[in-house]
Amino acid sequence: MKTFTRDQVSKHNQETDSWIIIDHKVFDITRFAPLHPGGEKILLQYGGTDATDDFYSLHRSEVLEKYGPRLQIGTLASGSEKFRSSFNSVSVVPYAEPSYWRGLHSPYYNQSHVEYRKALREFVHAEMREYAEECETKSAVISKDFLKKLGDFGLFAAAIGPGPHLKFVDKLPGNIKPENFDYFHELITHEEVSRLGTPGFQDGCFGGKNISITPLMVFGNERMRKEIVPKSLKGLCKTCLAITEPFAGSDVAGIRTTAVKSPCGNYYIVNGVKKWITEAMNAQYFITAVRTGGPGKGGVSMLLIERGEGINTKLIKTAYSTSAETSLVTFEDVKVPVENLMAKENEGFRAIMYNFNHERWYIVVIMLSRCRFILEECFKWASQRQIFGKPLINQAVIQEKLAKMASSLESCYSWLETITHQMNEMSFEEYNAKIGGDIALLKYQAAMVSRIIADESVQIFGGRGVSSSGMGKYIERFQRTIKIPGVYGGSTEIMASLGVRQAVRSFPKDAKL
């Protein structure tokens, strides 16, 4: 590619011959100017000049990544690039990465975690980033070919965590062996996907699988484990967990969907409605909570229901993209073979509760990863935005906001790492019994941190923070959608109550002031 001096570029400043410099690169914008979304004249006024500062005050770096290659005609003969995109590399922006990846010491990670994150980050950038943004903004249905690509990479299996299901796929990201895969590898999995800033797309890929595969593995029969689970993990079918109803949310024991044995005794006849079911719109399998007995949790069972006659799904529009396929599901006289019963009849409540702590834990990982991504956006914007002739970050009020965001995030993340370490050291059953209350309080705290970061980030970005495109698009999306993970898996208020009640259970009777 040719090199030019600044003097050479300055001579191309006419409407019919216009060049500009952006970050050491030279672009011919003559033919592009009439197509410029912001207007032709405003772009042509920069002809022959270095537009770097104004470009980065108005545009995200991906704009240059998208349009730059076809417009670039050379580089400057002297100097070097000042700016770079950090999405596919370790970011050096303050607090943009967890402390270990900022060069600090940690007892939790080893070289396998480093290599695993590197492999994941490269894959997410190269294979997911552009498509994820397209699906999120257009509310597009995620294609079957794309889901298979994720399955082939081992991403679906990794997102469910350690366990025997890992052996159902040909490989895991970074070629890590199933026996070496721990909860910190799973944590990294959710973090790297969450950095995309596309929550609807993310739930449309992972939301249903992440909470339905474990019940199938633990409480399902051999066919469910050996046929349906591998298909789902390879991206060949969709599974979802259908528990919540218009009548029962956090009150799981209050579900009304019924499953009545047929006269011949070979089928359950299912009638009822489920609501806000992630990934349900095109799911082939519904792991469903039904009432087979009397009122309360003692009358609840779990059934695997395959899509067929009598099942109808309808999209629900929520705060984020319908790529999540959040749906209303109705069952009308659906015949389900009795062999599809999971666990034992009227003992389904245990199957429902079994994976709740793990679900809440990974929801926390997702929330805090999105918070970290937004904090990075705020540091970048505050550093490059000029106000009153100085960078925005020089303002004391902005420094206070960034301090509040960073300290809230880092303290919560440290608690997350501590709990994750306990999960690694305990059996699944043990950590469910011992740290379920801590996980509930962690989810409560993560929701509080998310609200702080959502509020402060909008104030830092101003009008751009409430615009769904441009510089602040991720800020707008974050503040619009972050309350969603604060609701599913157990609402913030329920988590606070659960955490305290669990603590009171172990309160010593002889403790007095």
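1. Is Y131 buried or exposed, or partly exposed? Y131 is partly exposed, with a relative accessible area of 22%; the cut-offs are under 20% for buried and over 50% for exposed, with partly exposed in between (1.4 Å probe, protein chains only).

2. The model is predicted, so local features need pLDDT of at least 70 and side-chain atom pairs count only at pLDDT 80 or more, while totals for chains, interfaces and linings use all residues. Residues are numbered from 1 along each chain as its sequence is written, and side-chain values use heavy atoms, without hydrogens and water.

3. Y131 pairs with F146: the ring centres are 4.6 Å apart and the planes stand at 40 degrees, so the pair is tilted. Rings of Phe, Tyr and Trp (its six-membered ring) pair if their centres lie within 6.5 Å; planes under 30 degrees apart are stacked, over 60 edge-to-face, and the rest tilted. F146 is buried, at 4% relative accessible area. Y131 belongs to helix α5 (residues 111–138) and F146 to helix α6 (residues 144–153), 15 residues apart. Helices are DSSP runs (H or I, at least four residues), numbered from the N terminus.

4. The whole structure holds 23 aromatic pairs. Ring pairs join Y183, F219, Y354, W361, F428 and Y431 in a cluster.

5. K209 lies over the face of F156, 4.6 Å from the ring centre. The charged end of K335 is over the ring of Y267, at 4.4 Å from its centre.

6. Helix α12 (residues 356–384) has 29 residues, of which 26 are buried.

Conventions
Helices (H or I, at least four residues) and strands (E, at least two) are DSSP runs, numbered from the N terminus. A charge sits over a ring if NZ of Lys or CZ of Arg is within 6 Å of the ring centre and within 35 degrees of the ring normal.
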